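Here's a quick tour of a single chain, written for someone who likes to check torsions and packing by eye. Have the viewer open and follow along.

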Amino acid sequence: MADLSKDDVKTGSGGEVFRRPSWDEYFMSMAYLVSKRSTCIRRKVGAVLVKDMRIISTGYNGAPKGLPHCYETGCLRKELGVPEGERAELCRGLHAEANCIIQAAVFGVSVKGATLYTTHFPCSICAKMLINAEISEIVYANDYPDELAKKLLSEAKIKTRKFNLECKI
């Protein structure tokens, strides 16, 4: 039998093994679930802020509250052929990481010291917000082509690590 991690539970008279997901698997799965609410035409991104092993906020990329969604209006960046990681100011939507921070602020929840689980590495605009929000760690599943974001987060000494789920939701 394979070695069991501390998150595996062995129960039952027949010795059945029930595997619980690790915390990284659990929170990253939640980020993928949140991404399903995204209204972006180009990329579905979800983010979850975690503090003391509890989810304190979630966010996905899409238009501001009450405004038409990108799938309704079209995507200017796509129409202009803007490459990934460039000209974010042309996008009518907010990024998942920004929405995660905003959602916490709306409800008066401090994000200082929290860990962000996100389906994609943050862009440089979101990286600056995460630095000022005093996020302690960023766990991401997919890369994003923004070298400035990586440089800023490194300079701010925010830990980043890639974590891939074997099975996405």
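## A positive phi at Arg87

Let's start in the loop between helix H3 (76-80) and helix H4 (96-106), which is where Arg87 is found. Keep in mind that this is a predicted model. Arg87 isn't a glycine, yet its phi is positive, at about 55 degrees.

How accessible is Arg87, in relative terms? The value comes out at 44%, so Arg87 counts as partly exposed; the cut-off for exposed is over 50%, and buried means under 20%.

## Another one at Asp52

Is Asp52 buried or exposed? With a relative accessible area of 69%, Asp52 is exposed, since anything over 50% gets that label.

## Where H5 meets H6

Now for some helix packing. Helix H5 covers residues 124-132 and helix H6 covers residues 147-155; their axes come within 8 Å and cross at roughly 15 degrees. Angles under 35 degrees count as roughly parallel, and H5 and H6 are therefore roughly parallel to each other. As for handedness, the crossing of H5 and H6 is right-handed.

Which residues make the contact? On the H5 side they are Ser124, Ala127, Lys128 and Ile131, while H6 brings in Leu148, Ala149, Leu152 and Leu153.

## The chain as a whole

Zooming out, the chain has 6 helices and 7 strands. Reading from the N terminus, the order of elements is β-β-α-β-β-α-α-α-β-α-β-α-β. If you're setting up a box, the C-alpha atoms fill one of roughly 60 × 35 × 30 Å along the principal axes.

What percentage of the 169 residues counts as buried? That would be 40% of the chain. The chain exposes about 9,900 Å², and carbon and sulfur atoms supply 53% of that area. On the contact side, take the pairs of residues at least 6 apart in sequence: 53% of those contacts join residues at least 24 apart.

Terms used. Residues numbered from 1 in each chain as written. Predicted model: local features only at pLDDT ≥ 70, side-chain atom pairs only at ≥ 80, totals over all residues. Heavy atoms only, no water. Axes fitted to C-alpha atoms, helices over the stretch in contact; angles between N-to-C directions. Helix = DSSP H or I, 4+ residues; strand = E, 2+ residues; numbered from the N terminus. Parallel < 35°, antiparallel > 145°, perpendicular 65-115°, else oblique. Left-handed = near helix turned anticlockwise from the far one by under 90°. Contact = heavy atoms within 4.5 Å. Buried < 20%, exposed > 50% of the residue type's maximum accessible area, 1.4 Å probe, protein only. Areas by Shrake-Rupley, 256 points an atom, 1.4 Å probe, with all protein chains shown as cover.
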